[in-house]
Amino acid sequence: MPKLYYQGHGSFRLTADDGRVIYVDPYVGDGYELPADLILVSHQHSDHNQLSLCAKKKDCRIISNVEALKGGVHNTFDFDGIIVEAVSAENKNHDPKECVGFIITIDGVKIYASGDTSKTAQMEDFSSKHLDYAIFCGDGVYNMNPEEAAVCAEIIGAKRNIIIHLQPGELFSLEKAEKWDAPNKLIIEPGKEYSL
């Protein structure tokens, strides 16, 4: 089964059973020493796109919002069985033409990474994807607050729901995560790895 290592803020790492490594929205924390096969960047705000933090293999691929939205549509990528589907992300601070979320399928596990967003119309369709995990932003400053994230979790219907990107300027807020009233909640803390 794949593993998730949470660096903090909106940054995390996925490791496949075969050892391939994916970084999502690199910015803070530790755990960037494993050479990346793939780096995903949901948008170009500086707290999501610090590529220089990541060790990289020579053939490392980078998929940012630019590639994800090429041609004005949300694109899907197949990396030898790891599937990355770009999905909509937007709010008053994030232009939908410059931001995406991702649905990542790795070792048969489907993970929604919201990026920076509020509720989107596309979320209504996610329940049909039978997601295993949904990872939501929830700072209530630049993105939806925890209450809206809980509503989104209900709509999406993933087996487990995780909230990150909770406290601008901090890695995490355990207090806010513990108060988050979402179904099937899983709290992850920075610096820890979880088997998915």
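Which residues do ring pairs link into a cluster? They are Tyr112, Phe126, Phe136 and Trp180. The structure discussed here is a predicted model.

## Overall build

The protein chain contains three helices and twelve strands. Its radius of gyration is 15 Å, close to the 16 Å given by the globule rule for 196 residues, so the chain is as compact as a globular protein of that length. Along its principal axes, the C-alpha trace spans about 40 × 35 × 30 Å.

Contacts also say something about how the chain is arranged. Among those between residues at least 6 apart in sequence, 49% join residues at least 24 apart.

## Surface and charge

Of the 196 residues in the protein chain, 54% are buried. The accessible surface of the chain comes to about 8700 Å², and carbon and sulfur atoms account for 48% of that surface.

The chain carries 19 positive and 30 negative side chains. The centres of these two sets lie 3 Å apart.

## The aromatic cluster

Six aromatic pairs are present in the structure. In one of them, the rings of Tyr112 and Phe126 have centres 5.1 Å apart and planes at 65°; planes over 60 degrees apart count as edge-to-face, so this pair is edge-to-face. Tyr112 lies in strand S9 (residues 109-113), while Phe126 lies in the loop between S9 and strand S10 (133-137), so the pair ties together parts that are 14 residues apart in sequence. Tyr112 and Phe126 are both buried.

Tyr112 also forms an aromatic pair with Phe136. The distance is 6.0 Å centre to centre, with 75° between the planes, and this pair too is edge-to-face. Here the link is between distant parts of the chain, with Tyr112 in strand S9 and Phe136 in strand S10, 24 residues apart. Phe136 is buried, as is Tyr112.

Val109 is another residue of strand S9. Its relative accessible area is 12%, and buried means under 20%, so Val109 is buried. Leaving aside neighbours within four places in sequence, Val109 is in contact with Pro2, Ile104, Asp132, Tyr133 and Leu196. Tyr32 is 77 residues from Val109 along the chain, and the C-alpha atoms of the two are separated by 22 Å.

Asp107 is placed in the loop between S8 and S9. Its phi is near 55°, a positive value in a residue other than glycine. With a relative accessible area of 35%, Asp107 is partly exposed.

## Between S11 and H3

The loop between strand S11 (160-164) and helix H3 (174-179) holds Ser173. Ser173 counts as buried, at 11% relative accessibility. Not counting residues up to four places away in sequence, Ser173 touches Leu166 and Gln167.

His165 also has its place in the loop between S11 and H3. Phi of His165 is near 50°, which is a positive value in a residue other than glycine. How exposed or buried is His165? At 2% relative accessibility, His165 counts as buried.

## An exposed loop residue

Lys97 is found in the loop between strand S7 (82-88) and strand S8 (100-106). Its relative accessible area is 72%; exposed means over 50%, so Lys97 is exposed. Lys97 and Leu69 are 28 residues apart in sequence, yet 7.4 Å apart in space, C-alpha to C-alpha.

Ala150 belongs to helix H2 (residues 146-156). At 10% relative accessibility, Ala150 counts as buried. Which residues is Ala150 in contact with, leaving aside its neighbours within four places in sequence? They are Trp180, Asp181, Ala182 and Pro183. One of these, Asp181, is 31 residues from Ala150 in sequence and 6.1 Å away in space, C-alpha to C-alpha. Another, Trp180, is a member of the cluster that ring pairs form with Tyr112, Phe126 and Phe136.

Notes: Residues numbered from 1 in each chain as written. Predicted model: local features only at pLDDT ≥ 70, side-chain atom pairs only at ≥ 80, totals over all residues. Heavy atoms only, no water. Helix = DSSP H or I, 4+ residues; strand = E, 2+ residues; numbered from the N terminus. Rg over C-alpha atoms; globule rule 2.2 N^0.38 Å. Buried < 20%, exposed > 50% of the residue type's maximum accessible area, 1.4 Å probe, protein only. Contact = heavy atoms within 4.5 Å. Areas by Shrake-Rupley, 256 points an atom, 1.4 Å probe, with all protein chains shown as cover. Lys, Arg positive; Asp, Glu negative; His and termini not counted. Charge placed at Lys NZ, Arg CZ, Asp CG, Glu CD. Phe/Tyr/Trp six-rings, centres within 6.5 Å; stacked < 30°, edge-to-face > 60°.
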